[in-house]
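Me: I have a model open and want to go through its packing and its ligand sites. Let us take it piece by piece.

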Amino acid sequence: MTKAVEWTNTAFLEEVERRSGAPVGACLQCHKCSTGCPIAPEMDLLSSQVMRMVQLGLDEETLASKAIWLCASCEACTTRCPMEIDIAGVMDTLRMLAVERKAAAPDERVRTFNDSFLKSVRRHGRVFELGMMTAYKLRTRDFFSDVDKVPAMLAKRKLSFLPHHSSAAAKEVREAFKRADEEEKKR
Ligand code: SF4
Ligand code: SF4
């Protein structure tokens, strides 16, 4: 059952604003972000609803939502917001908080996929699709779904057998992860 709204609970809003640097409290509920979101039909909460729930301090409900894990960080919402709220950044912050607080995930596979994706980017500087999918399947023990698509993806060069380590951009991403780890240790 949803807990009663705690109008005086601003701690969650303050934490999300501090960590994301986004003024979530300024959200007008105009819904422009949600109407431009390509993942909205799959989400249990629209991005505007997520902003409202953060304003209301509904931390447990927000962190347990499927929406924060399905968000593709495409920033379509961020570019539409009249209040210049970085909604994609807020979603990133909420995912980090969900991990830190060990919030119950609506579907553990969504979190595992996200985790496998980030580990792949951290290690290779960009996503290594085949390695990421293998890690994901080993962790979920879901070995056979979508295997039939692999030959076609290999033929179209959508999948590579080896990771791409060399580009300068990939190196920059790996360095960014290192800096983030160092910042995290200082907290
Ligand atoms: S960043 Fe996330 S919430 Fe925003 S439009 Fe893209 S998928 Fe939707
Ligand atoms: S576009 Fe901005 S102001 Fe409008 S609902 Fe979304 S976050 Fe709030």
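Me: Which helices do the buried residues of α3 pack against?
Reply: This is a predicted model. The buried residues of α3 are Ser47, Ser48, Val50, Met51, Met53 and Val54. Their packing partners are α1, α2, α4 (59–63), α5, α6 and α7.

Me: How many helices and how many strands does the protein have?
Reply: Read along the sequence, the pattern is α-α-α-α-α-α-α-α-α-α-α. The secondary structure therefore comes to 11 helices and zero strands.

Me: Which residues touch the most other members of the largest nonpolar core?
Reply: This core holds 28 residues. The members that touch the most others are Val24, Val54, Ile68, Ile87, Val90, Met91 and Leu94.

Me: Is Gly57 buried or exposed?
Reply: Gly57 is found in the loop between α3 and α4. Just after α3, Gly57 takes a positive phi of about 75°. The cut-off for burial is 20 or more other C-beta atoms within 10 Å. Gly57 has 21 such neighbours, so Gly57 counts as buried.

Me: What distance separates the C-alpha atoms of Gly57 and Leu13?
Reply: Along the chain, Gly57 and Leu13 are 44 residues apart. In the model, their C-alpha atoms are separated by 6.0 Å.

Me: Which residues come nearest to ligand 1?
Reply: The shell around ligand 1 has 14 residues. By class, 10 are nonpolar, three polar and one charged. The nearest are Cys37, Cys71, Cys74, Cys77 and Ala88.

Me: Which helix gives the most to the shell around ligand 1?
Reply: Two helices each supply at least two residues of this shell, α6 (76–80) and α7 (87–100). With three residues, the one that gives the most is α7.

Me: Which residues come nearest to ligand 2?
Reply: Around ligand 2 there are 15 residues. They divide into 10 nonpolar, three polar and two charged. Helices α2 (32–35) and α3 (47–55) each supply at least two residues of the shell. The nearest are Cys27, Cys30, Cys33, Ser48 and Cys81.

Me: What share of contacts between residues at least 6 apart in sequence joins residues at least 24 apart?
Reply: The protein has 187 residues, and 24% of them count as buried. Among the contacts in question, the share that joins residues at least 24 apart is 65%.

Me: Where is confidence lowest among the helices, and where is it highest?
Reply: The average pLDDT of the protein is 78, and 59% of the residues score at least 70. The lowest helix mean is 62, in α9 (residues 129–140). The highest is 97, in α3.

Me: How many contacts does the stretch of residues 1–5 have beyond near neighbours in sequence?
Reply: Over residues 1–5 the pLDDT is below 50. Where pLDDT is low, predicted coordinates should not be read in detail. In the model, the contacts of residues 1–5 beyond near neighbours number two.

Notes. Residues numbered from 1 in each chain as written. Chains lettered and ligands numbered in written order. Predicted model: local features only at pLDDT ≥ 70, side-chain atom pairs only at ≥ 80, totals over all residues. Near = placed C-beta within 6 Å. Helix = DSSP H or I, 4+ residues; strand = E, 2+ residues; numbered from the N terminus. Nonpolar A, V, L, I, M, F, W, Y, C, P; charged D, E, K, R; others polar. Buried ≥ 20, exposed ≤ 12 C-beta atoms within 10 Å, placed from the backbone. Contact = placed C-beta atoms within 7 Å. Core = buried A, V, L, I, M, F, W, Y, C linked by C-beta atoms within 7 Å. pLDDT = per-residue confidence, 0-100.
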